[in-house]
Every structure is written in structure tokens, then in C-alpha cells.
Amino acid sequence: MEITLARINSDPRINEFIRQTEKALKVQGFTEHGFRHANLVASRARTVAQMIGLSKKEQELAAVAGYCHDMANFLGRTHHHYWGALLFGQLYLKDNNPKDVALVMQAIANHDKEEMKLSNPISAVLVLADKSDVHRERVSQVSASRLKVDIHNRVNYATIASKLGIDKKTKEIKLSLKIDTKIVPIMEYFEIFTQRMVYCRKAAEYLGYKFTLEINKFKLL
């Protein structure tokens, strides 16, 4: 059988994993990792894959990986990428093309680790789609006291707009952010997201592109 996003979207097992992840991380005070994030990353992954010229199947698998990449967070944050890959394999290896399943598993396992080694474009696309999701909609606890003590909530809440653009002529993938500097200085973004930008740069380079970052219309990378 073909692995499609429509099929994954209707799988009650996957959706329950995401539902439990959203619940678990909210209790722990993390930014949103539920259906909003899953759907946005899936959509963004498909768009990036299409824009850089990947095949229809690769576009579909990138969207699937985007939807499923964080689903194992309910088991714990530290190794959620490995557990998510294993859960996906457990559910889909039996009745599907093993290569397609392996590509999605690899993308999920690879999306959030320091020793990231890219060996297929789907993995690179997922990194860009995931790490570019910075926005105030990810903040579930907006109290002044919570924003004061939690820099991740504060930076996400300060981000009013986030857009990932691709210029095929200049071979650039650009993340454009609009940040309310009355809430946080720009430096706080780099304080917590420098590693994310390194991941994005590696992913873009693997795809033959340059990653650039623009905040409040100023090019910083």
C-alpha cells in the first residue's frame, strides 16, 4: 500500500500518539507539539519538497514525516525522535514498501539530534520544516509570570510572523521572522535557537541551497 498523508491523518493510532504528546508536554510547560505543529510541519515539508523539485512520492513521504515527527514525545523528550521512528516502523512495516517506511523512519529519527547525518532529502526537508516553526501560537501558557521565567515561551510568544521561503534562482532558503522586541530582544532568539539554525544550515546545504535568516527585515545569516 502507498503511504500517504491522507491515510496517516485518518489513523487513530497516530492521532492518539499526537494527542497524548500534546497533553504530556502541556503539563510539563513545553511549547505546543500537537496537531497544529504536526499539520504545519507536514504542509511546510510538502511545500519545500515540491519547490526544490523532489518527486511526488518524496513530497508525500516528507509530509508524512512532518506529521509524525514529534508523536512520541508522550514517552519522553530526550529520545522522542528514536521512539517516534520505531513506533512508525512498528505500525507500517508489515504491509507497506519497506523503502518508503525506512525513509520516513530515518527522517523522524534524524530530525532532532546533534550528530545529525543527512543521507536523503526527505530528512533534510523535515529539519527545515520543523525548526522553522517559531510562533506565538505555540505558547499555551501566556501569563506574565510564565513568560518571565520561560525563555522558550517568551521567544515564541514574541514571534508574530514566521515564513519559510525558497528562491530557486539564488538557491536560498530563507526563514523570515517578525519579532516584537518589546517582549524580547533579538539576542534571546539566538540564545535558545542557535542550534536550530545550525541544523537548518546543514539541511539546506545538503539540498544544494544556502540557509539565510531575516528578523524584522534585517538579514542576520
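**Close-up 1. Lys171 in the loop between β1 and β2 of the predicted model**. Lys171 has its place in the loop that runs between strand β1 and strand β2, the latter formed by residues 172–179. Although Lys171 is not a glycine, its phi is positive, at about 60 degrees. The relative accessible area of Lys171 is 36%, so this residue is classed as partly exposed, because that class lies between the buried limit of under 20% and the exposed limit of over 50%.

Close-up 2. Lys163 counts as exposed because its relative accessibility is 58%, and the exposed class requires over 50%.

**Close-up 3. The separation of Lys163 and Lys26**. Along the chain, Lys163 and Lys26 are 137 residues apart. In the predicted model, a distance of 25 Å separates their C-alpha atoms.

**Close-up 4. Lys217 in the loop between β3 and β4**. Lys217 lies in the loop that joins strand β3 (210–215) to strand β4 (218–219). The phi of Lys217 is positive, at about 70 degrees, although the residue is not a glycine. With a relative accessibility of 77%, Lys217 is therefore counted as exposed.

Definitions and conventions
Residues numbered from 1 in each chain as written. Predicted model: local features only at pLDDT ≥ 70, side-chain atom pairs only at ≥ 80, totals over all residues. Heavy atoms only, no water. Buried < 20%, exposed > 50% of the residue type's maximum accessible area, 1.4 Å probe, protein only. Helix = DSSP H or I, 4+ residues; strand = E, 2+ residues; numbered from the N terminus.
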